[in-house]
Amino acid sequence: MRSSYDRGVGSYGLLFSLMAAGMVAGSLAWARWHPQRGRVKVCFAAFGVGALGIIVVALSPWFWLATAAVVWRGIGIGIGIAAWMTLLTELVPDRLLSRVYSLDFFGSSGLTPVGYALAAALATTVAPTTILAVGGTVAATLWFAPLAWRRVRDAD
């Protein structure tokens, strides 16, 4: 942080806190809005738009822009998670729900240490901002790509 924005570690904590505030706002927005149709599209788009926020953080020369981007990212994550959990509980049969939840948790949280290990290995030769920008680009692409298929866009 000091080399990116000429600020101390407290600014890094502020960014994480603002992202959490955005996640709460996104979750509350979903609870208020809660559309009955197009929820799969909203879910994928929210995660994709949230991923774009990390690209802005990585490339931003200004701290104020990074703070706005983490709030924006948090809102996308909050809406995406709320939509995803709603879809899982409503569309997955009760007899399969525990298996689906375990696979979902493994994929979304259980593999996080693998990502950290890869980022650490890359950090010895690649700038952290590059890792974040490329990672955000890959994530956004993976979230937006399924929206190219009509079946995904028209689901739920």
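Predicted model: local features only at pLDDT ≥ 70, side-chain atom pairs only at ≥ 80, totals over all residues.

Me: Which elements is the protein built from, helices or strands?

Reply: The protein has eight helices and zero strands. Read from the N terminus on, the order is α-α-α-α-α-α-α-α. The C-alpha trace spans about 50 × 35 × 30 Å along its principal axes. Of the 156 residues, 31% count as buried.

Me: Now the pocket. How does one find empty space in a model?

Reply: The general idea is that rolling a probe the size of a water molecule over the atoms shows where empty space is left. In this structure, the largest pocket holds about 2200 Å³ of space.

Me: How many residues line the largest pocket, and which lie nearest its centre?

Reply: There are 47 lining residues, and Ile 54, Arg 73, Tyr 116, Leu 132 and Gly 135 lie nearest the centre. By type, the lining divides into 33 nonpolar, twelve polar and two charged residues.

Me: Which helices supply the lining of the largest pocket?

Reply: At least two residues each come from α1 (2-5), α2 (9-33), α3 (39-59), α4 (63-91), α5 (94-110), α6 (112-123) and α7 (128-144). Helix α7 gives the largest share, with twelve residues.

Me: What about salt bridges: how many does a search of the whole structure find?

Reply: The search finds one salt bridge. Arg 39 pairs with Glu 90, and their closest N and O atoms are 2.5 Å apart. This pair links distant parts of the chain, since Arg 39 sits in helix α3 and Glu 90 in helix α4, 51 residues apart.

Me: Are the two partners, Arg 39 and Glu 90, buried or partly exposed?

Reply: Here you need the cut-off: buried means under 20% relative accessible area. Arg 39 has 4% relative accessibility, so Arg 39 counts as buried. Glu 90 is at 45%, which makes Glu 90 partly exposed.

Me: Which residues make a nonpolar surface patch?

Reply: Phe 106, Leu 111, Val 114 and Leu 118 make one of about 390 Å². Val 114 is partly exposed, because its relative accessible area is 46%.

Me: Last one: how should I read positions along the chain against positions in space?

Reply: Compare the separation in sequence with the C-alpha to C-alpha distance. Ala 51 and Tyr 116 are 65 residues apart in sequence and 17 Å apart in space. Ala 51 is found in helix α3, and at 3% relative accessibility Ala 51 counts as buried. For another pair, Ile 75 and Gly 110 are 35 residues apart along the chain, with their C-alpha atoms separated by 23 Å. Ile 75 lies in helix α4, and at 32% relative accessibility Ile 75 counts as partly exposed.

Terms used:
Residues numbered from 1 in each chain as written. Heavy atoms only, no water. 1 Å grid on protein atoms, 1.4 Å probe; cavity = no way out; pocket = protein on both sides within 12 Å on 5 of 7 lines; lining within 4 Å. Points joined across faces, edges and corners; volume = space filled by probe spheres on them. Helix = DSSP H or I, 4+ residues; strand = E, 2+ residues; numbered from the N terminus. Nonpolar A, V, L, I, M, F, W, Y, C, P; charged D, E, K, R; others polar. Patch = residues over 30% accessible without salt bridge, like charges linked within 9 Å, V, L, I, M, F, W, Y side chains within 5 Å. Areas by Shrake-Rupley, 256 points an atom, 1.4 Å probe, with all protein chains shown as cover. Salt bridge = Lys/Arg side-chain N within 4 Å of Asp/Glu carboxyl O. Buried < 20%, exposed > 50% of the residue type's maximum accessible area, 1.4 Å probe, protein only.
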